[in-house]
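Colleague: I am new to this structure. Please take me through the terms used for it, one at a time.

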Amino acid sequence: MRLGLYDAIFHDRPLAEAIHEVARNGLTGIELNTGGFLPAVHVPDIDAILTDDAARDAYLAQFDGTGVVIAGLNCNGNPLHPDPAIGAAHAEDVRRSIRLAARLGQDRVVTMSGLPAGEPGGTRPNWVVNAWNSAALDVLEHQWSVAVPFWQEIDALAREHGVKVALELHPQNLVFNPASIRELVGRGGLTNVGVELDASHLFWQQMDPVAVVRDLGPLVFHAAAKDVRINPYAAVNGVLDNSFRRLSPDEHRTNLGGDEWANEWPKPSAWDFVALGKGHDEAYWSTFLEALSEVDPDLWVNIEHEDTSLGREEGVALAASVLRRSADALARRS
């Protein structure tokens, strides 16, 4: 396996320093954010790279001699959002990231399937959590009618540029589990759209990422290493607890596009994102890597750090040490 880091945690510093942190932790790849919910901090001149060979070569030269290479591009967002300030912008980020990947010698772009409104003319995304009633299935049919043509277009663009698009199985998206990625691929006849296997969003849905990898097989194109701890309060409010607090404009908050913002996490929380090893032990992560290697032994597995109890360097160091030891344990078994 090839082990790397998703760069968002180091958006507070220049690319050279982020690369240094990756190498210092024994990792060999950096997955670069190129739009969507987050700005392309470490690829500030995308338009120049797309059109000018000298600009592209100068950008790539920053990796020379570092021991670190680009490990895919990431533009997670909602390209199907009915607000064009969000949906159209994020959709264009996906298209641009595919073209950018080809220019940078990359063949993986990570994003999300997106989520449309629940009916024609709707203004807000609508995630059907449990389609037990016929009206919910009507909502889903409308959403598939929006999603499929868009992803057919993206699939064709990706195929033209020799790129695979890996969708994160993320709640509040139309595609969030194996059944829904198969629905999209089947309805659209897609060839270059598959899955980014981020274990964390499966854990809190009470899914087993190892079982999911083995179920999806060749549909797994890319992977993220991020852990989840299920807390005792899950026994009271369950893992779908919705006790989020709206943050005011004078509080620090993250913009998600347009006039949408991330909310404050529930307190007490049913579950939390944690560094590798704080939710599942090294034996589990070794088995996770084993399942991924059965699909593709050269797959990139990139750490995503969102443990708010740890600092940036501290959290990445902990996750990297667990991931490296898990990979070493797998190598000894092989």
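Colleague: In which helix does Arg 182 lie?

Modeller: Arg 182 lies in helix 6, residues 178-188. Helices are DSSP runs of H or I with at least four residues, strands are E runs of at least two, and both are numbered from the N terminus. This is a predicted model, where local features need pLDDT of at least 70 and side-chain atom pairs count only at pLDDT 80 or more, while totals for chains, interfaces and linings use all residues. Residues are numbered from 1 along each chain as its sequence is written, and side-chain values use heavy atoms, with hydrogens and water left out.

Colleague: Why does Arg 182 count as partly exposed?

Modeller: Buried means under 20% relative accessible area, exposed means over 50%, and partly exposed is in between (1.4 Å probe, protein chains only). Arg 182 has 37% relative accessibility, so it counts as partly exposed.

Colleague: What does Arg 182 touch?

Modeller: Setting aside residues up to four places away in sequence, Arg 182 touches Asp 215, Leu 216 and Leu 219. Contact means heavy atoms within 4.5 Å.

Colleague: Why does Leu 202 count as buried?

Modeller: The relative accessibility of Leu 202 is 0%, so this residue counts as buried. Leu 202 lies in helix 7, residues 199-203. Apart from neighbours within four places in sequence, Leu 202 is in contact with Leu 169, Leu 197, Met 207, Pro 209 and Val 212.

Colleague: Which residues touch the most other members of the largest nonpolar core?

Modeller: Trp 151 and Leu 197 do, in a core of 89 residues. Helix 5, residues 134-160, gives this core its largest share, 11 residues. A nonpolar core is a set of buried Ala, Val, Leu, Ile, Met, Phe, Trp, Tyr and Cys residues joined through side-chain atoms within 4.5 Å. Not counting residues up to four places away in sequence, Trp 151 touches several residues, among them Pro 79, Met 112, Leu 167 and Val 193.

Colleague: What makes the protein chain as compact as a globular protein of its length?

Modeller: The chain has 11 helices and 12 strands. Its radius of gyration is 19 Å, close to the 20 Å that the globule rule gives for 334 residues, so the chain is as compact as a globular protein of that length. The radius is taken over C-alpha atoms, and the rule is 2.2 Å times the number of residues to the power 0.38.

Colleague: How many of the 334 residues count as buried, as a percentage?

Modeller: In the protein chain, 53% of the 334 residues count as buried.
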